[in-house]
Amino acid sequence: MNAHDTATTTPATPAVPTAPAAEAARPAMEQQLRRLTDRADITDLLDRYLRSLDEGVFDEAWGRAFYAEDATAEMPLGTVRGREAIVARIREGMALFDRTVHLGGNPVVEIDGDRATVRGGQLSTHVLADGSEALFVSGGHAETELVRTPDGWRIAASALRVVWTRGTPPRLPAGMGPKADA
């Protein structure tokens, strides 16, 4: 037997943090977990919001589920302030369509304590409710400010910036639209 045959090697074992080191890392890990949880909660809220636009139930409970009481919304149909006004405007606007599909993507989420901002793409396909079955499609960017409330994250301000459209736009009833809000 030679020296080479008797030598044994043991694999390196990873360093296990000592109790004080693990305890010191806890606040950073908790903060990171909180940020990841907040991001997931925010993107889930916005995904559920877009899906809810296609389901067509715009009542007080719907408004509470998505908007802060004093929220502001800037949309193609004008800017409105207050949750009740937002719900009413969305109800009026969505009544112009028989069916819709709203898709969001590529959200960039920035979180600062109990406030957050999100900017993402939005593609909206609408079938007009005028009986023509005509399509109206828009693409743009949704810019959203959110606030943490006792009930979770809620939209404090939103702006839909339409970049392009294709198809037949809906005919707006008298008094509906941006000029009516001025």
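Buried here means under 20% relative accessible area, exposed means over 50%, and partly exposed lies in between, with a 1.4 Å probe and protein chains only. By that rule Trp62 is buried, and Phe66 is buried too. The model is predicted: local features need pLDDT of at least 70, side-chain atom pairs count only at pLDDT 80 or more, and totals for chains, interfaces and linings use all residues. Residues are numbered from 1 along each chain as its sequence is written, and side-chain values use heavy atoms, with hydrogens and water left out.

**Fold**

- The protein chain has five helices and six strands. Helices (H or I, at least four residues) and strands (E, at least two) are DSSP runs, numbered from the N terminus.
- Along the sequence the elements run α-α-α-β-β-α-β-β-β-β-α.
- The protein chain has 182 residues, and 34% of them count as buried.
- Contact means heavy atoms within 4.5 Å. Of the contacts with a separation of 6 or more, 56% join residues 24 or more positions apart.

**Largest pocket**

- The largest pocket has a volume of about 870 Å³. Its lining counts 43 residues, and Pro76, His102, Gln122, Ser124 and Leu160 are the closest to its centre.
- A pocket is an open set of points on a 1 Å grid over the protein atoms alone, where a 1.4 Å probe fits, with protein on both sides within 12 Å along at least five of seven lines; lining residues have an atom within 4 Å of a point. Grid points are joined across faces, edges and corners, and a volume is the space filled by probe spheres set on the points.
- Elements that each supply at least two lining residues are α2 (19-55), β1 (67-75), α4 (83-94), β3 (97-112), β4 (115-128), β5 (135-149) and β6 (152-167). Strand β4 gives the most, with seven residues.
- By class, this lining has 24 nonpolar, 14 polar and five charged residues. Ala, Val, Leu, Ile, Met, Phe, Trp, Tyr, Cys and Pro count as nonpolar, Asp, Glu, Lys and Arg as charged, and the others, Gly among them, as polar.

**Second largest pocket**

- The second largest pocket holds about 150 Å³ of space.
- Its lining consists of Asp59, Glu60, Glu69, Arg83, Glu84, Val87, Ala88 and Arg91. Helix α4 provides the largest share, five residues.
- Six of these lining residues are charged, two are nonpolar and none is polar.

**Nonpolar core**

- A nonpolar core is a set of buried Ala, Val, Leu, Ile, Met, Phe, Trp, Tyr and Cys residues joined through side-chain atoms within 4.5 Å.
- The largest such core has 32 residues; Ile42, Tyr49, Leu53, Trp62, Tyr67, Ile90 and Leu146 touch the most other members.
- At least two residues of this core come from each of α2, α3 (60-66), β1, α4, β3, β4, β5 and β6. Helix α2 has the largest share, six residues.
- Leaving out residues up to four places away in sequence, Trp62 touches Tyr49, Ser52, Leu53, Val57, Tyr67, Val87 and Ile90.

**Aromatic pairs**

- Rings of Phe, Tyr and Trp (its six-membered ring) pair if their centres lie within 6.5 Å; planes under 30 degrees apart count as stacked, over 60 as edge-to-face and the rest as tilted. This rule gives six aromatic pairs.
- The ring centres of Trp62 and Phe66 are 5.6 Å apart and the planes stand at 55°, so this pair is tilted. Trp62 and Tyr67 also make a tilted pair, at 6.1 Å centre to centre and 55° between the planes.
- Trp62 and Phe66 both sit in helix α3, four residues apart, about one turn of the helix.
- Trp62 has a relative accessible area of 7% and is buried. Tyr67 is buried as well, at 2% relative accessibility.
- Tyr49, Phe58, Trp62, Phe66 and Tyr67 are linked into a cluster by ring pairs.

**Single residues**

- Ser138 lies in strand β5. It is buried, with a relative accessible area of 8%.
- Beyond its neighbours within four places in sequence, Ser138 contacts Gln122, Leu123, Ser124, His126, Val162, Trp164 and Thr165.
- Asn106 is not a glycine, yet has a positive phi of about 55°. Asn106 lies in strand β3 and is exposed, at 71% relative accessibility.
- Glu133, also not a glycine, has a positive phi of about 65°. Glu133 sits in the loop between β4 and β5 and is partly exposed, with a relative accessible area of 46%.
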